[in-house]
2 protein chains.
Amino acid sequence: MSGSVSIIGLGPGNVLQRTPQADQALARATDLVGYGPYVQRVEAPASVVRHSSDNREELDRARHALEMAMQGRHVAVVSGGDAGVFGMASAVFEAVEHGPQAWRALEITVVPGLSAVLAVAARLGAPLGGDFCVISLSDNLKPWPLVLRRLALAAEAGFVIALYNPRSKARPHQLGEALEHLRACLPGSVPVAFARAVGRPEESVRLASLAEADAAWADMSTLVLIGCAASHLIPRPGGGAPWFYTSRKVEAA
Amino acid sequence: MSGSVSIIGLGPGNVLQRTPQADQALARATDLVGYGPYVQRVEAPASVVRHSSDNREELDRARHALEMAMQGRHVAVVSGGDAGVFGMASAVFEAVEHGPQAWRALEITVVPGLSAVLAVAARLGAPLGGDFCVISLSDNLKPWPLVLRRLALAAEAGFVIALYNPRSKARPHQLGEALEHLRACLPGSVPVAFARAVGRPEESVRLASLAEADAAWADMSTLVLIGCAASHLIPRPGGGAPWFYTSRKVEAA
């Protein structure tokens, strides 16, 4: 009996932002594998086995999924947002690369999902009007000086910058340091958005200039979006929140 | 009567990759506005008015949508992929910013879609395992030297690079120049993918090393994904296409 692994992006959390392709892949699963809150998010018949694990156990989780597939199970590995963007896809292929040769013959598919950066951008207006980059602020898998270097190069390039994993209990000081670092490279007037749980009932969004932005406004579930010189806010009448907009045009320096 | 503008990302083309949120927003539309092939992609009752236009008329199209909304119509402005990533969202807010004050009071919403970079990455394996950037290679809205500069900075940062709009009839030479530029900054062994129409029947994917990559393999519908030093291919038994994988870990230099 031939099993499979399907690595599925559930989108940001609102079920209206999950694709039919993800639903189809979930419907085929005999087993659900992932970080607890994501596994809980999936509705499935009682016959489907749920294997929830703690965060930061990606590689063990990936190996477990591959082992079950070798036994003929159809395993859905779930991530929030897109599984390819700081989700489980890379962990599964890392396990494959260093695992038994037989794993390479398994049916492994990745089903894309709406990553937070896209949902947040839509909620704000059009902050990604030009070129942009996506950076994880966590230094669990890369050295912190490299994160700072990437931020400086991204600012120099004029990219809008989306920061994932801006802050956690184990890393309370990094976002403040990152913002300080960016203030040295970018105008203080550049708009910054702190967007949390976008599309879900507990959604919150806070806008500020880079000069005023305060790292305390973020937690691990926040996406921080930092504009570029071509970004600004469009005010609205009647007290509505302004739109965060980045011009498509960039003039020659 | 109060109209609205909804700017909707249709996803890469496979209807299974379009969100229910996009379907709901489309169902409310009295008018569809967009580049011809995207407008054609939407199924709608005969009563819905289709306003197809040529490519490169984004701003006129945006103004037309806003004018109709002022007359009480519910206008869906459609883009392929995500409307916020080189799609119509930024053009609509540009029109708002320079248009009549009354446009700012309109109900304008953006509905995110699966951008090509996510669909292509899922198709290839896990090429976006780390930080990445998204760059349009078109110089219609920014100077070409800036594009080259951004490529060099992105390579220096160690970003995986997704190139949108790599080539057109009016710009046949830029992708070749961009690849040449990147060969001076990155190892020739870095994997490069040319992915066209992913998720659609005419899908084609070609993998090569940066040293071998040939700009002639791309057209305007191709997304070119360029790895970083942490990217490589995982070969598979039985002649299957290798997986394109970027390690999550980056060691200190």
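**Strand pairing in chains A and B**

In the predicted model, Ala193 of chain A stands opposite Leu225(A), a residue of strand E11(A). The strands concerned are E9(A) and E11(A), the latter spanning residues 222-226, and they pair in the antiparallel sense over five bridges. Strand E9(A) also has strand E10(A), residues 204-209, as a partner; these two run antiparallel and are joined by six bridges, with Val192(A) standing opposite Ala208(A) of E10(A). Strand E9(A), which comprises residues 191-196, is mostly covered, five of its six residues being buried. In general, the strands of a sheet pair through backbone hydrogen bonds, in either the parallel or the antiparallel sense.

For chain A as a whole, the secondary structure amounts to seven helices and 13 strands. The radius of gyration of chain A is 20 Å, close to the 18 Å that the globule rule gives for 253 residues, and chain A is therefore as compact as a globular protein of that length. Taken along the principal axes, the box filled by the C-alpha atoms of chain A is roughly 60 × 40 × 35 Å. Of the 253 residues in chain A, 57% are buried, and the accessible surface of the chain comes to about 9800 Å², with 51% of that area belonging to carbon and sulfur atoms. Among the contacts in chain A with a separation of 6 or more, 68% are accounted for by residues 24 or more positions apart.

An unreviewed UniProt entry annotates residues 5-213 of chain A as "domain: Tetrapyrrole methylase".

In chain B, five strands form an open sheet with parallel pairing, in the order E3-E2-E4-E1-E5. Strand E3(B), residues 49-53, and strand E5(B), residues 107-111, stand at the edges with a single partner strand each, so that one side of each is left without a neighbour in the sheet. The twist from one strand to the next averages 15°. Within this sheet, strand E1(B), residues 4-9, runs parallel to strand E4(B), residues 74-79, and six bridges join the two; Ile8(B) stands opposite Val78(B) in E4(B).

Two helices of chain B lie across strands of this chain. Helix H1(B), residues 20-27, lies across E1, E2, E4 and E5 of chain B and runs at about 145° to E1(B), whereas helix H4(B), residues 89-98, lies across E1 and E5 of chain B, running at about 160° to E5(B).

Note on methods:
Residues are numbered from 1 along each chain as its sequence is written. Chains are lettered from A and ligands numbered from 1 in the order in which they are written. This is a predicted model: local features need pLDDT of at least 70, side-chain atom pairs count only at pLDDT 80 or more; totals for chains, interfaces and linings use all residues. Side-chain values use heavy atoms; hydrogens and water are left out. Buried means under 20% relative accessible area, exposed over 50%, partly exposed in between (1.4 Å probe, protein chains only). Helices (H or I, at least four residues) and strands (E, at least two) are DSSP runs, numbered from the N terminus. Two strands pair if DSSP finds at least two bridges between them. UniProt positions are given in the numbering used here, feature names are shortened, and annotations may be inferred rather than shown by experiment. The radius of gyration is taken over C-alpha atoms; the globule rule is 2.2 Å times the number of residues to the power 0.38. Contact means heavy atoms within 4.5 Å. Accessible areas come from the Shrake-Rupley method with a 1.4 Å probe; for residues, only the protein chains shown count as cover. Axes are lines fitted to C-alpha atoms, for helices over the stretch in contact, and angles run from 0 to 180 degrees between N-to-C directions.
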